[in-house]
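Hi everyone, thanks for making time.

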Amino acid sequence: VLSGTVIGIEGILVYVEVDVANGLPNIFIVGLGDAAVQESKERVRSAIRNAGFGFPATRITVNLAPADVKKMGPTFDLPIAVGMLAATEQLSFKRFDDLSVVGELSLNGTLRPVTGILPIAINAKARGLGLVVASANAAEAALVKGLAVWGFANLREVVDFLTRRDVRPFTEHPRESTGEPPAIADFADVKGQQAAKRGLEIAAAGAHNLLFIGPPGSGKTMLARRLVGILPPLSHQEALEVTKIYSISGLLPAAAPLMLRRPFRAPHYSITPAGLIGGNSQPRPGEISLAHRGVLFLDELAEFNRSTLEVMRQPLEDGQVVLSRARGHLTYPALFTLAAAMNPCPCGFAGDHGWQCSCQPLQVDRYWSRLSGPLLDRIDLNIRVPRLSPEEILRRPEGESSAQIRERIIAARERQLHRFREQPDLLCNAQMHSRHLRWYCRMDQAGEQVLDRAIRQFGLSARSYDRVLKVARTIADLAAAERIAVDHVLEAIQFRREDSRFRTAHS
């Protein structure tokens with residue numbers, strides 16, 4: 001009986017072979033299954049009996065092939081039960097090689113949903129197979145266009161279908177899942193903070209990483225939570241990528257299986273490295289993969305464990321996480337926009353004209369030392385968020401709405417897609433590598449001179465130089481400019497050096 005499992009975020013085909021032979025009554029499951037797979041023998045035994053079938057009092061061997069691939073979870077309950085019924089001739093059949101069968105069995109024979117159905121369904125479609133699943137998984141599997149999906153409530157219904165093949169495939173159109181609360185915070189509610197809003201617009205237009213620095217109560221978290229509301233909508237392919245990750249993680253609502261809004265993840269600063277990038281004994285996607293194609297927001301950045309933050313350095317460059325294990329490597333996608341917020345010092349009031357900072361210079365240096373230079377070098381926009389003045393607090397919000405800002409961002413992204421039309425792997429400016437810059441980031445002579453002076457004056461690294469160019473390219477796209485002008489370069493440099501201003505506030 002054909003079935004499937006998930007390695008990383010990709011589905012693979014698994015052959016469930018059942019042999020019934022003379023010998024002492026027992027069930028042996030081989031093929032590198034975990035504890036949940038081994039326990040399936042008891043679930044299958046009870047499900048077969050309670051569904052009204054006879055369970056053979058013989059020696060039964062179940063092999064899950066390929067034998068060198070780790071099998072995890074209760075996914076194989078249903079194909080094992082089908083194989084046993086077929087091997088004991090309680091299920092008349094002609095062929096099973098056109099179907100993939102996946103599902104968990106309860107003790108009374110009811111089918112329960114399992115995680116990771118979407119990648120299994122994609123693999124089944126690629127192999128020209130139909131898919132038999134629990135009713136609760138049918139809508140998710142039906143996201144794969146052209147795949148014949150059958151959903152059933154219990155083992156008896158599956159047996160009847162395999163015997164007669166007279167049930168039409170599941171065709172209900174799945175509803176969307178937003179992955180976030182229905183009410184999205186709007187930029188129209190923000191008072192003041194024009195520089196911060198401009199930085200968010202640039203970050204959204206080019207998928208650039210950004211860091212908010214400012215005193216408590218200045219609105220850093222409030223602003224960051226509005227970033228996802230101005231991002232362009234997901235394409236169908238991007239929506240499937242995000243949905244696969246949430247399906248594997250068990251976070252996909254059964255009633256609305258397609259993720260159409262970009263994810264927004266905001267883990268607490270007590271998170272472990274494995275929770276951030278994924279892993280543990282049973283690998284699952286971490287927060288940076290759950291933020292794929294969306295936003296990862298790290299509030300109180302300096303409170304995170306330094307070793308936890310350091311594991312993000314490679315994913316921020318490569319857009320993926322590679323986990324090495326004894327039996328191979330797992331790769332999870334991690335193309336996300338990093339949005340972070342922090343205070344300028346331990347007390348939070350350095351550089352705040354309304355409050356007196358109580359920190360000593362050594363305390364400020366120790367506070368900033370929690371963030372390594374290589375990590376800060378990967379942040380494109382350092383944005384100062386000052387405390388609002390009394391006049392700004394009392395004034396009614398008068399800014400643009402998120403919908404108006406999003407229109408400019410979508411237009412800028414379309415310019416980038418047109419520019420990268422011969423580079424299918426590039427979707428936005430932040431994804432450019434050094435080799436792309438000389439082709440796509442051409443400046444006028446004045447811009448080159450300004451950037452040359454900035455390198456010498458501020459000691460920009462090669463990575464910082466590349467990121468300034470990418471941000472300047474995005475600013476030019478927002479202005480609908482073909483070439484990068486000196487104003488675009490100056491604005492990009494201004495966002496680049498805000499962190500150093502705070503670190504030297506007490507020097």
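I'll go from a sheet to a few loops and then to a pair of helices.

First, the ground rules. This is a predicted model, so to speak of local features we need pLDDT of at least 70, and side-chain atom pairs count only at pLDDT 80 or more, while totals for chains, interfaces and linings use all residues. Residues are numbered from 1 along each chain as its sequence is written, and side-chain values use heavy atoms, with hydrogens and water left out.

Okay, the sheet. What is the strand order in the open sheet of five strands? The order is β13-β16-β19-β11-β20, and the pairing is parallel. When I say strand or helix, I mean DSSP runs numbered from the N terminus: helices are H or I with at least four residues, strands are E with at least two. And two strands pair if DSSP finds at least two bridges between them. At the edges sit β13, residues 264-265, and β20, residues 381-384, each of which pairs on one side only.

Let's walk across the sheet. β16 and β19 run parallel and pair over four bridges, and F297 stands opposite A339 in β19. On we go to β11, which is joined to β19 by four bridges, again parallel; here I213 has M342 of β19 as its bridge partner. Then β11 reaches β20, also in parallel and also over four bridges, with L211 partnered by N382 in β20.

How many residues of β19 are buried? Six of its six, over residues 337-342. Buried here means under 20% relative accessible area, exposed means over 50%, and partly exposed is in between, using a 1.4 Å probe and protein chains only. Both faces of β19 are covered: T337, A339 and A341 on one side, L338, A340 and M342 on the other.

Now compare that with strand β3, residues 26-30.

Next, some loops. Take N22, in the loop between β2 and β3. Is N22 buried or exposed? N22 counts as exposed, because its relative accessibility is 76%. If you want a sense of distance, the C-alpha atoms of N22 and C357 are separated by 82 Å, and the two residues are 335 apart along the chain.

Further on, in the loop between β4 and α3, there's P66. A cis peptide bond joins A65 and P66, with omega about 5 degrees.

Two residues have a positive phi without being glycine. One is Q193, with phi near 55 degrees, in the loop between β10 and α7; at 8% relative accessibility, Q193 counts as buried. The other is E300, with phi near 55 degrees too, found in the loop between β16 and α12. At 28%, E300 counts as partly exposed.

Then N209, in the loop between α7 and β11. N209 is buried, with a relative accessible area of 4%. Not counting residues up to four places away in sequence, its contacts include F336, T337, L338 and R467; contact means heavy atoms within 4.5 Å.

R467 of α20 is one of the residues in the contact with α21. Helix α20 covers residues 462-478 and α21 covers 486-496; they pack at an angle of about 125 degrees, with axes 8 Å apart. Those axes are lines fitted to C-alpha atoms, for helices over the stretch in contact, and angles run from 0 to 180 degrees between N-to-C directions. The two helices are therefore oblique to each other: under 35 degrees counts as roughly parallel, over 145 as roughly antiparallel, 65 to 115 as roughly perpendicular, and the rest as oblique.

Let me finish with H488, which sits in α21. H488 is buried, at 11% relative accessible area. Leaving aside neighbours within four places in sequence, H488 touches A472, I475, A476, A479, A481 and R483.
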